[in-house]
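Subject: Structure for you, plus some notes

Hi,

Here is the structure I said I would pass on.

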Amino acid sequence: PHPRSAPPREETTRPLGGLYTAGDGRHFLLALTSEHRQWPALAKAIGQPELTADPRFIDMDTRRANARALQIIFDAAFAQHPLAHWRKTLDEAGLTFGIVGTVEEAAADPQARAAGILKPMGDSTLLTVDSPFTITGENKVPANRHPEHGEHSREILLNAGYSPAEIEALHKAGTIGGP
């Protein structure tokens, strides 16, 4: 079978699990796994405990049937405060969520560095994500910057049997790039 793509956000049937945006534009994922315990805690955390008595959201089936309405309520509530507020509030409520980190946060993450996920690129201070693949008995090739356009053209063509004059003619004609 072919993998299914996720439906558009507006068509979700699971508003207690999904991507939301805080008031400062930062994103986080709700992933409530125990609806009977976490739904009341979430309603209270967003300052709307009365939602648990709303007939549209009284149980899992009605929440799913009215998922878009609940998602709109959550969007409005989460837009009221920055991510730092929601991180603290949701954590204190014992709710399951994850922060969508920025590139800068990922690069500075001590766990990613300690696990060897981020590696320096060549002899620079730039970082890249290490390849997750290993081959038994083989050392990984260190990450380096990509070659510039045409950087190795002359060397490759010389190895392929082209003369320096032929290569220079190709370069002047704009057929190959590089120095």
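Let's begin with the rings. This is a predicted model, and a count of its aromatic pairs comes to 8. Take Trp39 and Phe57 as an example: their ring centres are 6.5 Å apart and their planes meet at 70°, so this pair is edge-to-face. For edge-to-face, the planes have to be over 60 degrees apart.

What does that pair tie together? Trp39 belongs to helix H1 (residues 35-45), while Phe57 is in the loop between H1 and helix H2 (60-65), so the pair joins parts that are 18 residues apart in sequence.

Trp39 has 3% relative accessibility, so Trp39 counts as buried. Phe57 comes in at 0%, so Phe57 is buried as well.

Now find Phe78 and Trp86. They make another edge-to-face aromatic pair, with 4.9 Å from centre to centre and 90° between the planes. Both Phe78 and Trp86 are buried.

Tyr20 has something else to look at: the charged end of Arg9 sits over the Tyr20 ring, 5.0 Å from the ring's centre.

Next, the empty spaces. Rolling a probe the size of a water molecule over the atoms shows where empty space is left.

How many cavities of 30 Å³ or more are there? The count is 1, and the largest cavity has a volume of about 30 Å³. Its lining is made up of Thr13, Arg14, Pro15, Leu16, Glu35, Met60, Arg63 and Arg64. Helix H2 gives the largest share of that lining, with 3 residues. Sorted by type, the lining of the largest cavity has 3 nonpolar, 1 polar and 4 charged residues.

Glu35 lies in helix H1, and its relative accessible area is 10%, so Glu35 is buried. Which residue does the Glu35 side chain contact? The side chains of Glu35 and Arg63 are joined by a polar contact of 2.8 Å. Both Glu35 and Arg63 are among the residues lining the largest cavity.

Then there is the largest pocket, which holds about 160 Å³ of space. Here is what to select if you want to see its lining:

- Lys119, Pro120 and Gly122
- Thr128, Val129, Asp130 and Ser131
- Lys140, Val141, Pro142 and Ala143

Which strands supply at least two residues each of this lining? They are strand E4 (118-120) and strand E5 (127-129). By type, the lining of the largest pocket splits into 5 nonpolar, 3 polar and 3 charged residues.

One last stop is His171, which you'll find in helix H8 (residues 164-172). With a relative accessible area of 23%, His171 is partly exposed. His171 and Arg154 are 17 residues apart in sequence, and their C-alpha atoms are 8.9 Å apart in space.

Definitions and conventions:
Residues numbered from 1 in each chain as written. Predicted model: local features only at pLDDT ≥ 70, side-chain atom pairs only at ≥ 80, totals over all residues. Heavy atoms only, no water. 1 Å grid on protein atoms, 1.4 Å probe; cavity = no way out; pocket = protein on both sides within 12 Å on 5 of 7 lines; lining within 4 Å. Points joined across faces, edges and corners; volume = space filled by probe spheres on them. Helix = DSSP H or I, 4+ residues; strand = E, 2+ residues; numbered from the N terminus. Nonpolar A, V, L, I, M, F, W, Y, C, P; charged D, E, K, R; others polar. Phe/Tyr/Trp six-rings, centres within 6.5 Å; stacked < 30°, edge-to-face > 60°. Buried < 20%, exposed > 50% of the residue type's maximum accessible area, 1.4 Å probe, protein only. Lys NZ or Arg CZ within 6 Å of the ring centre and 35° of its normal. Polar contact = N/O pair within 3.5 Å; in protein donor to acceptor, adjacent residues only side chain to side chain.
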